[in-house]
Amino acid sequence: MSVAGLKKQFYKASQLVSEKVGGAEGTKLDDDFKEMEKKVDVTSKAVAEVLARTIEYLQPNPASRAKLTMLNTVSKIRGQVKNPGYPQSEGLLGECMIRHGKELGGESNFGDALLDAGESMKRLAEVKDSLDIEVKQNFIDPLQNLCDKDLKEIQHHLKKLEGRRLDFDYKKKRQGRIPDEELRQAMEKFEESKEVAETSMHNLLETDIEQVSQLSALVDAQLDYHRQAVQILDELADKLKRRMREGSSRPRREYKPKPREAFELGEPEQPNGGFPCATAPKVTGSSSFRSSDKPIRTPSRSMPPLDQPSCKALYDFEPENDGELGFREGDIITLTNQIDENWAPSWLLRGEAWMSRLRRATWPPSQSRAD
């Protein structure tokens, strides 16, 4: 920077400090200029916020929006022409419906309906992509150009005007110590900058019809999108209603259960060491066995009659005393008769304990009442 430039920067800094700290008054700009400056400032804030909100309206998911911005930047660095598109929520919903509709298959009314709805949602996503492109070209890009060019240029002129005003006020207060030619040049530069800034602000405010036309383009794009969306949804609604009518008129198939297969009882394992016992129906008998009413030892391994209580031996037992019942492992022991209906051998009720009792029992038992 030249010496003259350094001196000018010193003059402006000194004048700014005297105004901020010392309360010195600088050159006042006219009210029309201040009014235009205020309107331009409001316009600049409005355009910036409208741009941000429009992008959020078109691409509401902030995470996807940030990812898309990053991918677009990478694409530009790599020189790729086609940028990845924003994942529309309608398209994601459509893909989900189509995937599950295919899983359900063509025999399912719900599956066919999901396929129809999924295809319509994907069409809505394509229409939404067209809306994004239309709004970007006819609304976002022009407003962004306004921010980057016209408004930025106005801010540059205003900043330059403020610097020249400070330089002029500093020299004006030191009139006599500053050469008159230098003071005259400072005043001319100030007036020149004021005129340039005023002209640029006037042109912006007087040509705001362009911003109105851009806003109209946004509305037209939205209308076109919604018309196509209504058409797609109307077609989908008709398809679903037709499927409902067809499904209601179709005769329902009766459910016929398949015949049950015969279930062969095996030898289930007992966790407590006992062995299974068939559930006995109500029987009659006495409180003691008669010699002729011994349980029958069935050598066969076949199933006992279903109307008589029985048990299956877990191991061999050799009679030790007269009257005891001997049997082999796997034998079925069937009780053929009882006298007292309120009594039944405990081994019929508690399969896990009957063997120990049977070892001590004699056939026939004594006349005392058994457990």
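Helices α2 and α5 pack with their axes 10 Å apart and at an angle of about 150°, where axes are lines fitted to C-alpha atoms, for helices over the stretch in contact, and angles run from 0 to 180 degrees between N-to-C directions. The two helices, α2 and α5, are therefore roughly antiparallel to each other, given that angles over 145 degrees count as roughly antiparallel, those under 35 as roughly parallel, 65 to 115 as roughly perpendicular and the rest as oblique. The crossing in which α2 passes α5 is left-handed, a term used if the near helix is turned anticlockwise from the far one by less than a right angle, and right-handed if clockwise. The residues of this contact of α2 with α5 comprise 20 nonpolar, 3 polar and 3 charged; Ala, Val, Leu, Ile, Met, Phe, Trp, Tyr, Cys and Pro count as nonpolar, Asp, Glu, Lys and Arg as charged, and the others, Gly among them, as polar.

The model is predicted, with local features requiring pLDDT of at least 70 and side-chain atom pairs counting only at pLDDT 80 or more, whereas totals for chains, interfaces and linings use all residues. Residues are numbered from 1 along each chain as its sequence is written, and side-chain values use heavy atoms, with hydrogens and water left out.

The chain contains 9 helices and 3 strands, both being DSSP runs numbered from the N terminus (helices H or I, at least four residues; strands E, at least two). Read from the N terminus, the order of elements is α-α-α-α-α-α-α-β-β-β-α-α. Of the 371 residues in the chain, 32% are buried, that is, under 20% relative accessible area, with exposed meaning over 50% and partly exposed in between (1.4 Å probe, protein chains only). Among contacts with a separation of 6 or more, 75% are between residues 24 or more positions apart, contact meaning heavy atoms within 4.5 Å.

Helix α6 comprises the 27 residues 180-206, which at 1.5 Å a residue should span 39 Å, in agreement with the 39 Å that separates its end C-alpha atoms; the expected span is 1.5 Å times one less than the number of residues. The buried residues in α6 are Leu-183, Ala-186, Phe-190, Ser-193, Lys-194, Ala-197, Ser-200, Met-201 and Leu-204. The elements that cover these buried residues of α6 include α2 (31-58), α5 (109-173) and α7 (209-249).

With α5, helix α6 packs at an angle of about 155°, the axes being 8 Å apart, and α5 and α6 are therefore roughly antiparallel to each other. Helix α5 passes α6 in a left-handed crossing, and the residues of their contact divide into 14 nonpolar, 3 polar and 10 charged. The axes of α2 and α6, by contrast, come within 10 Å and cross at roughly 50°, which makes α2 oblique to α6. This crossing of α2 and α6 is left-handed. From α2, Phe-33, Met-36, Glu-37, Lys-39, Val-40 and Thr-43 meet Lys-194, Ala-197, Glu-198, Met-201, His-202, Leu-204 and Leu-205 of α6, and the residues of this contact divide into 7 nonpolar, 2 polar and 4 charged.

Within helix α5 lies Asp-167, which counts as buried because its relative accessibility is 6%. Apart from neighbours within four places in sequence, Asp-167 is in contact with Lys-8, Tyr-11, Lys-12 and Ala-186. The C-alpha atom of Asp-167 is separated by 7.4 Å from that of Gln-15, although the two residues are 152 residues apart along the chain.
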